[in-house]
Every structure is written in structure tokens, then in C-alpha cells.
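We'll go stop by stop, with something to select at each one.

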Amino acid sequence: MTSRSKEKFTAAFRKLFRSSEKIGDGEGAAGGPSGSPARRGILRHGYHRDGVRPVEGAASMPASPAAAAFGKQKGAEAPPPPKSVRARRLMKEFKEMQRLQQSRPDPIFTVELVNDNLFEWHVRLHRVDPESELAGDLKELRIPCVLLHLTFPENFPFAPPFMRVIEPRIEKGFVMEGGAICMELLTPRGWASAYTVEAVLMQFAASLVKGHGRVSRKAKGSKDFNKRTAEESFRSLVKTHEKYGWVTPALSDGYI
């Protein structure tokens with residue numbers, strides 16, 4: 001090939017290359033793949049401009065709450081939510097507590113679901129310190145157990161359950177009006193997601209004895225003893241203790 005032929009070939013090649021760049025720019029402006037053919041190949045194979053390939057399955061990952069809310073505003077259909085952390089955690093704890101109560105002839109506590117609702121439990125505390133006054137009252141009055149009602153919020157285990165005494169009516173022992181229970185670990189400030197229901201019950205038993213709890217001998221109609229009263233009482237005591245502090249009894253003060 002002569003030098004003149006080489007010059008013609010080079011000029012034609014440069015002209016052709018400039019034409020391909022213009023076509024690429026036009027596609028980018030229209031919303032298609034932009035830039036050089038090499039760059040379009042990178043994007044086509046799933047790489048971003050920073051050279052990092054996206055995680056596989058990222059397109060199917062659930063959106064953030066804010067993104068989900070935005071999608072609802074735009075009329076987009078939200079994907080079905082996965083099984084909640086609350087449900088998984090409670091199912092695991094419920095099965096474990098049932099296993100414990102079935103492995104002992106005289107369990108310390110028993111649990112059951114209220115109307116088959118995993119987020120609402122009845123717990124019966126059968127044993128407290130036999131040397132305590134409360135144990136004497138239960139024996140004298142032939143009361144087999146202390147019945148508790150627990151409800152678990154939607155953000156459990158990152159928020160504490162609400163727990164109250166249903167029966168018998170207990171005075172002192174850190175049990176308040178309506179059956180509310182004065183325990184720091186049942187408050188958002190004192191709660192930790194690692195706490196188990198079993199640990200909460202152990203601490204409650206300790207509080208009953210340490211606080212000299214007794215079965216009330218007053219007439220039942222003296223004061224309302226229901227969930228609403230318990231919730232109001234609990235909110236009030238939380239405000240008080242946030243100001244003046246908390247005292248947590250040792251677990252050794254509870255049951256045997």
C-alpha cells in the first residue's frame with residue numbers, strides 16, 4: 001500500500017469513527033445507552049460507571065419504607081411483606097417456653113395464646129419464693145397462680161411488650177393500678193431487643209417478692225382493674241421514673 005493510499009484509509013477511518021460517536025450521543029440524548037460502544041457494552045452487561053457490578057437479585061430487593069410510601073402515592077402496587085421479625089421471634093420464644101414447661105412436672109410458669117393470637121399471651125406464674133408473704137397469701141386463699149396478660153407491639157422485639165396482672169389483685173410488689181407493672185425493662189428506655197419473655201417473667205417474680213407484694217383483700221369494686229386503667233397508670237409511672245430514676249431488684253429475690 002502506497003503512502004497516499006494509507007492517508008486515504010486513515011481519513012476514511014477517522015470519518016467513520018466521528019459518525020459513530022455522533023450516533024452514540026444521539027442515543028444518549030434520547031434516553032438510550034450513551035457514550036462510546038465500549039461504554040454501552042459495559043452498561044449492557046450490568047456494570048455501573050464506577051466499575052462495580054450490582055448485587056445479584058438487587059432488583060428484587062424490598063424498597064425502603066420511604067420508597068414504598070412514594071410508590072403507593074404513585075399508584076404502584078407494593079410487594080407483599082415478608083414474615084415479620086415480630087412473628088418469627090415470638091414463634092421461636094413461644095415454642096421454647098412450651099418446651100420448658102412440658103419438660104418439668106411442676107413448671108414455674110405456663111404460657112398460652114389468647115384466641116390463637118401469636119401477639120397476645122396469657123402467662124401463669126405458678127411459683128414464687130415459698131418464704132415470701134405473697135406465697136403465703138396464695139396458699140391461704142387457694143389461688144393456684146398469678147395470671148398475666150402480655151401484648152406485643154408491631155415493632156417487637158425492638159420495643160417492649162405491655163404486661164399487666166389480671167388476677168389476683170396484688171398490692172405493692174411494684175404492681176400498680178389496673179395491674180400495671182413498674183419495671184424499667186418494660187419501658188422503651190430500659191428495653192433491649194435481646195431480652196426474652198422468660199427473662200421478663202423472672203424479673204417480674206423478683207419484683208413481686210422484693211416489693212413485698214400481697215394479695216389484695218379489698219372489695220373488687222373499689223377501683224377499676226382493666227387494661228385501660230393499667231395503660232394510664234403505666235404511662236404515669238414512666239414519666240415519674242424518668243425524672244427520679246429506677247430501682248431494679250436482683251433476680252435472686254424472685255422464685256426458687
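Before you click anything, one term: two residues touch, or are in contact, when heavy atoms lie within 4.5 Å. What you have loaded is a predicted model, so the local features need pLDDT of at least 70 and side-chain atom pairs count only at pLDDT 80 or more, while totals for chains, interfaces and linings use all residues. Residues are numbered from 1 along each chain as its sequence is written, and side-chain values use heavy atoms, with hydrogens and water left out.

**Stop 1: the whole chain**

Switch to cartoon. The protein chain has 7 helices and 6 strands, in the order α-α-α-α-β-β-α-β-β-β-α-β-α along the sequence. Helices (H or I, at least four residues) and strands (E, at least two) are DSSP runs, numbered from the N terminus.

Among contacts between residues at least 6 apart in sequence, 63% join residues at least 24 apart. Now show the surface: the chain exposes about 17,200 Å², and carbon and sulfur atoms supply 55% of that. Accessible areas come from the Shrake-Rupley method with a 1.4 Å probe, and for residues only the protein chains shown count as cover. Of the 256 residues, 34% count as buried. Buried means under 20% relative accessible area, exposed over 50%, and partly exposed in between (1.4 Å probe, protein chains only).

**Stop 2: helix α4**

Select residues 85-102, which make up helix α4.

Which residues of α4 are buried? Color R86, A87, R89, L90, E93, F94, M97, L100 and Q101. Look down the axis of α4 and these buried residues fall within an arc of 160°, so they line one face of the helix. That arc is taken from the directions from the helix axis to the C-beta atoms. An α-helix has 3.6 residues a turn, so residues three or four places apart point the same way.

Next, show what the buried residues of α4 pack against: β1 (109-114), β2 (117-125) and α6 (197-210).

**Stop 3: T110**

Select T110, in strand β1. Leaving out residues up to four places away in sequence, T110 touches Q101, H122, V123, R124 and H126. The side chains of T110 and H126 are joined by a polar contact of 3.0 Å. A polar contact is a pair of N or O atoms within 3.5 Å; within protein, one must be able to donate a hydrogen and the other to accept it, and residues adjacent in sequence count only if both atoms are side-chain atoms.

**Stop 4**

Most residues other than glycine have a negative phi, and most peptide bonds are trans. Go to P157, in the loop between β3 (146-151) and β4 (162-167): a cis peptide bond joins F156 and P157, with omega about 10°. P168, in the loop between β4 and β5 (170-171), is joined to E167 by a cis bond with omega about -5°.

Move on to the loop between β5 and α6, where you'll find K172 and F174. K172 has a positive phi of about 60°, and F174 has a positive phi near 65°. K172 is exposed, with a relative accessible area of 60%; F174 is partly exposed at 28%.

Notes. Expected span 1.5 Å × (residues − 1).
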